[in-house]
Structures are given as C-alpha cells and as structure tokens.
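Here are my notes on the model, point by point. Please read them with the structure open.

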Amino acid sequence: MDKITVLINGGNREAIFGEKYYDRLRKQGDVRIYDRDDFSDMDYVVDFVKGSNFIITSWGSPVIDTAILDACPDLKAVLHAAGSVKPVVSDALIEKNIRMTASAIAIGEGVAETALAYAIAGSKRFFWLNEDVKSGNWAEHRTSVRDFYDIKVGVISGGMVGRHMVKLLKNFHVDILMYDPILTKEQIAEIGAEKVTLEELMSQCDVVSIHAPSIPATDNMVNKDNLKLMKDGALLINTARGAVINEQDLIEELKKGRIYACLDVFNPEPPKADNELFGLPNVVMTPHIAGTVTNGKRRIALHVCEELERFNNGERMKTEVDLAKLSQMA
C-alpha cells in the first residue's frame, strides 16, 4: 500500500483538511499526518516522511530537497495544497523529474467568483448607492448604474483564474475580450473570448478584470498609459496581485472621478495608513479575501484528493505542473 504523507503545519492542516478528506485519501493508501505545528526540526521531518510515495505540501511546508528525496526513493508525486509551488520546489526535485500538482485552480475558482461579484455589484454601483441611500440621497446617482447586460468585459490573462472567469461570464449576455500575450487567437477563442491587445481591452471594455500572475513581465502592467484609455464610468477590478497595477498611476486616474475600482490586492499589503486610496469615494477595498479564506479552503482538500485519484487511475493530473516553465509561473 502506498504511503501518503500530509506534510503540512498545524494551522493549515486544520484549515484545509478534515476527516472527510482524510478518509477519502485513505482509500488511496496509508495516510500519515504530520504531528507537529512547524518544521523547525528537519531531522524529525526527514524521518517522518521516510518511505513516502506521495507527499502533500501547502503554505509553510519545507522545501522538498535532497534530504527528503533521499529518504523517499520511491516518491511518485508531490501534491501541493496551495497555489504557487515555488516555495517547496528544489533543483533536486526538478532533476529527479518528480511529478507535481498544484491547487491554484481550487483557489482560483473562488477568486473568479469574487471578481464576478465585484463586476456585477460594481456595475450596478451597489457599493456607492448604498452610501447615497444611507445619507438620504435616494436617487441622485441612479443614472450611473450599468446593468450587467450588453457590455464588454475584459479579462487580463488566460490562466486558470481567467479561464474560470470566462466560464462564469458565459452565463451572461456580455462580450468577453481577453488579453494574454502567450495564448493564440485560436486558444483564446477556445476558452470563449476574443483575443485583443491590452490597449484595445482597456479602451473598449466597460469592466476590466485583472487575473495576471505577479512576475517581472507583469510588474506595473496596468499604468497611466493604459488607464487613461478606459471609458468614462468603466470599472477596474484587481483580484490578482497588487504589483500588476502601478498604484500611484491608478490613484491619479481615480482622482479624476471618471472611473471606478474594486481592489482586493495591494502593494504592499496591508496598504500604508496614509495611502490615498482610503480617501477616494470611487474605490472599494477588501483585505485580500478573493481566494480561499475560511471554509473555501476545503476546495483545496477536495482538489488534492481528486488529483491523487487521477494519478492512481493512470490519468494526467488536472493541474500537473511543468517544472521546466517554473519561471513563467506566479
């Protein structure tokens, strides 16, 4: 029977897993659950994982390095119960060509759903009209409302989150445009969107939703040069990473009062107390809650179970990571 080791610290074990999912894992092998809160004693960690065929990692898990790999000569795969695999990947893991999967899609579904909620609520101006009604201005700004119908929605990046966003948007009567410098016109059409340049997306769309990874190529990708192209009354949503937007450029554009923004991520986090965004009436801010925060983390446990089942059924894991392309990943 395969040995499955859950190598996750105490806080994340409790948040992500539970008996329901441990029982599902046990149908695939002998499950060992790490029994300490942290990984300060690496000798203990190496001894604990010895002989593992599968290792499940998450936020805060140790790097799967030579010491761990030497203790697990028959390791088949690492199942990462978090988004980016970079914190646990070592050169030795890549060299041994160990298969690996990540759980970005499980997190991404929640991110896309939050972005959709922002898109609808922001277009209908729920956040701002709420303040109007409470202050006695019953209908003063009703004409600013945009129904989520017959508008153009721009999705920046065709990664897992962007793809799920498109899937959700296809339930509405909206035109979907996508900017992704890597994907072809045909690949984006297969996702369900129309490929455009970033400038075309920013200038044509009523709603712009950012889902790009934070990598050097995307730093300050949204800046004064393309923010000024946005239509009056357009809505900008960022549930990706704060570094993708030049925050000061966004602040200057928001000060003009002609666009709206819904922001869940910032650079840095949390924003500094003197951040000018706090004083702007046309921006809504939330504390990085778009992905899995509380009960939503159980999606990750489900995903890990499903990936292990796919592996053992001889199928390709749904979110198998190509470690040769690690530099292109968030």
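1. Contact here means heavy atoms within 4.5 Å. The model is a predicted one. By that cut-off, and leaving aside neighbours within four places in sequence, Ile-56 is in contact with Ile-4, Thr-5, Val-6, Leu-7, Ile-8, Phe-17, Leu-25, Leu-79, Ala-81 and Val-304.

2. Ile-56 also belongs to the largest nonpolar core, which has 53 residues. Ile-56 is among those with the most contacts inside this core, together with Phe-17, Leu-25, Phe-148, Leu-169, Val-207 and Ile-237. Helix H6, residues 104-123, gives the most to the core: 8 residues. In soluble globular proteins, nonpolar side chains tend to be buried together.

3. Now the sheet. Five strands form an open sheet with parallel pairing, in the order E2-E1-E3-E4-E5. The edges are strand E2 (30-33) and strand E5 (99-101). Each has a single partner strand, so one side of each is left without a neighbour in the sheet. On average, neighbouring strands are turned by 15 degrees against each other, direction ignored.

4. Look next at the pairing of E1 with E2. Strand E1 covers residues 3-6 and pairs with E2 in the parallel sense over 4 bridges. Val-6 stands opposite Ile-33 in E2.

5. Two helices deserve a look against these strands. Helix H2, residues 19-26, packs on the sheet and touches E1, E2 and strand E3 (54-57). The direction of H2 makes about 140 degrees with that of E2. Helix H3, residues 42-49, lies across E1, E2 and E3. H3 runs at about 150 degrees to E1.

6. Is Asn-12 buried or exposed? Asn-12 sits in helix H1, residues 10-16. Its relative accessible area is 13%. The cut-off for buried is under 20%, so Asn-12 counts as buried. Beyond its neighbours within four places in sequence, Asn-12 is in contact with Phe-17, Trp-59 and Lys-297. Phe-17 is also on the contact list of Ile-56.

7. Finally, helix H12, residues 247-255. Which of its residues are buried? They are Glu-247, Asp-249, Leu-250, Ile-251, Glu-253 and Leu-254. What covers them includes helix H11 (224-227) and the strands E10 (235-238), E11 (260-263) and E12 (283-285). Just after H12, Gly-257 takes a positive phi of about 75 degrees.

Notes:
Residues are numbered from 1 along each chain as its sequence is written. This is a predicted model: local features need pLDDT of at least 70, side-chain atom pairs count only at pLDDT 80 or more; totals for chains, interfaces and linings use all residues. Side-chain values use heavy atoms; hydrogens and water are left out. Buried means under 20% relative accessible area, exposed over 50%, partly exposed in between (1.4 Å probe, protein chains only). Two strands pair if DSSP finds at least two bridges between them. Axes are lines fitted to C-alpha atoms, for helices over the stretch in contact, and angles run from 0 to 180 degrees between N-to-C directions. A nonpolar core is a set of buried Ala, Val, Leu, Ile, Met, Phe, Trp, Tyr and Cys residues joined through side-chain atoms within 4.5 Å.
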